[in-house]
Structure formats: C-alpha cells, structure tokens
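Subject: A structure for you to look at

Hello,

I am passing on the structure we talked about, with some notes on what turned up in it. Could you take a look and tell me what you think?

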Amino acid sequence: MATKNVADETLKVLKDNKLRVTPQRHVILSYLASHHNHPSVDTIHAALSKDLPNLGASTIYNTLNTFVERGLVVELQNGDGSTHYDYFGSPHYHAICTNCGKIVDVTYEGFGKDEKAFEKRTADLSGYMISGNHMEVYGLCPECQIKLGIKRAD
C-alpha cells in the first residue's frame, strides 16, 4: 500500500481537483503515485484486490477515465495494444520499447520548465486551444538491444 506521504498527497490532489473523495479513487490514485510500473487495469486490479476484494475492474476503469479527463493520469499505449496508466505528478515523458512494450519515465533537469511556452507556440501554430500535452518516444530498450544483438549508435 501507499506510504502516508503519498496518501496525503493524493488526498490533496483529489480535493484540489474538486473530485469527490471515495475510498476507491483514493486507493487507485495512491497506487499510481507510489508505483512507477505503468500498470494496466488488470495489473491495478490484481495489486489492489488482496486488500479490496470488492473492487471491480469496471470501477478501476471508470476511475481511471475520470483521472485522465482531469489530467491527473495519462493513458499510454505500448507495443501490444494494451492501455497502461501513469500518474503525472511531476513533468516527465515516456520511452516505449517497440519490441517488448516496456515503458519508462524520462526526465532531466529543466524538463517541463518551458511547458507553457511550448503550449503557447503550439496554439499559435495550430490554432488549437491547448489543454495539455504528453510526449512519448519509441525505440528499443537496453534489454531488447542485447537480445537482438543491436548496439546503439551514439
């Protein structure tokens, strides 16, 4: 289960986003905030069903949809076509392996610093009213490079 700090943080996030705080919402958001495994609905269900046996997959799915709509969680598609979820508590982007589907968070100092400038420039170029952004990059993870006998060119 989530630590007290994560539980406190996620409770505040729910309240700040004017979401009704239910035990299901709180435990699902806490799980996502404390696990960086980019889980699917099935993964979340398996992890939480031990402590919450009445928590159904449909409740998890509906809760995640609410979180995605509010911009608290992002949906990720990996190579196998399944949907995975990630709590977006701090700016980062995702690298997704095109061979095995592994997803990792990537960040570096200063990343996300000019997010508003990026969104404004995108709005100016496209005419869109921008509500958010999410970036993904694709390639082969280090493990698949080894399995496939490929060396990364630097």
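Helices α2 (residues 23–34) and α4 (residues 57–69) pack with their axes 10 Å apart and at an angle of about 70°. That makes α2 roughly perpendicular to α4 (65 to 115 degrees counts as roughly perpendicular). The axes are lines fitted to C-alpha atoms over the stretch in contact, and angles run from 0 to 180 degrees between N-to-C directions. On the α2 side the residues are Gln24, Arg25, Ile28, Leu29 and Leu32, and they meet Thr59, Ile60, Thr63, Leu64, Thr66 and Phe67 in α4 (contact means heavy atoms within 4.5 Å). The residues of this contact divide into six nonpolar, four polar and one charged; Ala, Val, Leu, Ile, Met, Phe, Trp, Tyr, Cys and Pro count as nonpolar, Asp, Glu, Lys and Arg as charged, and the others, Gly among them, as polar.

A word on the source: this is a predicted model, in which local features need pLDDT of at least 70 and side-chain atom pairs count only at pLDDT 80 or more, while totals for chains, interfaces and linings use all residues. Residues are numbered from 1 along each chain as its sequence is written, and side-chain values use heavy atoms, with hydrogens and water left out.

As for the chain, it has six helices and five strands, in the order α-α-α-α-β-β-β-β-α-β-α along the sequence. These are DSSP runs numbered from the N terminus: helices are H or I with at least four residues, strands E with at least two. Of the 154 residues, 31% are buried (under 20% relative accessible area, with a 1.4 Å probe and protein chains only). The C-alpha trace spans about 50 × 45 × 25 Å along its principal axes.

There is one aromatic pair in the structure. The ring centres of Tyr93 and Tyr108 are 6.5 Å apart and their planes are at 75°, so the pair is edge-to-face (centres within 6.5 Å make a pair, and planes over 60 degrees apart count as edge-to-face). Tyr93 sits in strand β3 (residues 93–97) and Tyr108 in the loop between β4 (103–106) and α5 (115–126), 15 residues apart. Tyr93 counts as buried, at 13% relative accessibility.

Lastly, Ser40 lies in the loop between α2 and α3 (41–48). Ser40 is buried, with a relative accessible area of 13%. Apart from neighbours within four places in sequence, Ser40 is in contact with Thr83 and His84.

Best wishes

Technical notes: Parallel < 35°, antiparallel > 145°, perpendicular 65-115°, else oblique. Buried < 20%, exposed > 50% of the residue type's maximum accessible area, 1.4 Å probe, protein only. Phe/Tyr/Trp six-rings, centres within 6.5 Å; stacked < 30°, edge-to-face > 60°.
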